[in-house]
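Hi,

Here is the structure I said I would pass on. Have a look, and my notes follow below.

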Amino acid sequence: MPGQVYSGTVADLPRETRFSNNYHRTGLAMDAANVCFVWLDPDAFAEVAASDGTAPCHSHPFDMMIYVIEGELRFRAGDKDHYLSGGDFIYVPRDVLHGGRPANGKPVHLMEMFAPLRTDYLYICEHQLGYKQAPRNADGSRVDTRSVLEAAADMGDSLMQPTE
């Protein structure tokens, strides 16, 4: 799907901010999977947490692996709680109920990987999928003012001239 090499620094990628500014994420798309980088503030999901502080659970039809980059995560998968810290990971098969929150009142930074590709998350990959494309207008449309040769060169394409 992405079709070209894309590199950068995670801290420089545009982020989506949700849930009263307590949840931030960005993502990358691959041909058959997604990677999301997530920053959870301690109050993330506080309004829907159980009285013991556990996050609400959900499920989806995607395999998921979480890698904790920094901080501590209290994570429930199935009927078991897991306490993960920087360097730890957890794999959750598709359709297993799961949910998590920061464990110690401090933020946590995660990397989530999903397979197969979550098309519902492609919008957070716009920076990648729109790479070397004309910028979007406020209404979401694009007006590309480059010539055919400039656009092809930006995409790494070479045009073949028709033969007579």
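First, a term: buried here means under 20% relative accessible area, exposed means over 50%, and partly exposed is in between (1.4 Å probe, protein chains only). On that scale His98 is buried, with a relative accessible area of 2%.

Some housekeeping: this is a predicted model, so local features need pLDDT of at least 70 and side-chain atom pairs count only at pLDDT 80 or more, while totals for chains, interfaces and linings use all residues. Residues are numbered from 1 along each chain as its sequence is written, and side-chain values use heavy atoms, with hydrogens and water left out.

Back to His98, which sits in strand S8 (residues 98-102); strands are DSSP runs of E, at least two residues, numbered from the N terminus. Its side chain reaches the backbone oxygen of Val96 at 2.8 Å. Leaving aside neighbours within four places in sequence, the contacts of His98 (heavy atoms within 4.5 Å) include Cys57, His58, His60, Met64 and Phe75.

Then there's Lys80, in strand S6 (residues 80-85). Lys80 is partly exposed at 49% relative accessibility, and its C-alpha atom is 9.3 Å from that of His98, 18 residues apart along the chain.

Now the sheet. It is open, with 6 strands in the order S1-S2-S3-S9-S4-S7 and antiparallel pairing; two strands pair if DSSP finds at least two bridges between them. The edges are S1 (16-18) and S7 (89-92), each pairing on one side only. S1 and S2 (residues 23-29) pair over 3 bridges in the antiparallel sense, and Glu16 stands opposite Arg25 in S2.

Cheers

Notes
Helices (H or I, at least four residues) and strands (E, at least two) are DSSP runs, numbered from the N terminus. A polar contact is a pair of N or O atoms within 3.5 Å; within protein, one must be able to donate a hydrogen and the other to accept it, and residues adjacent in sequence count only if both atoms are side-chain atoms.
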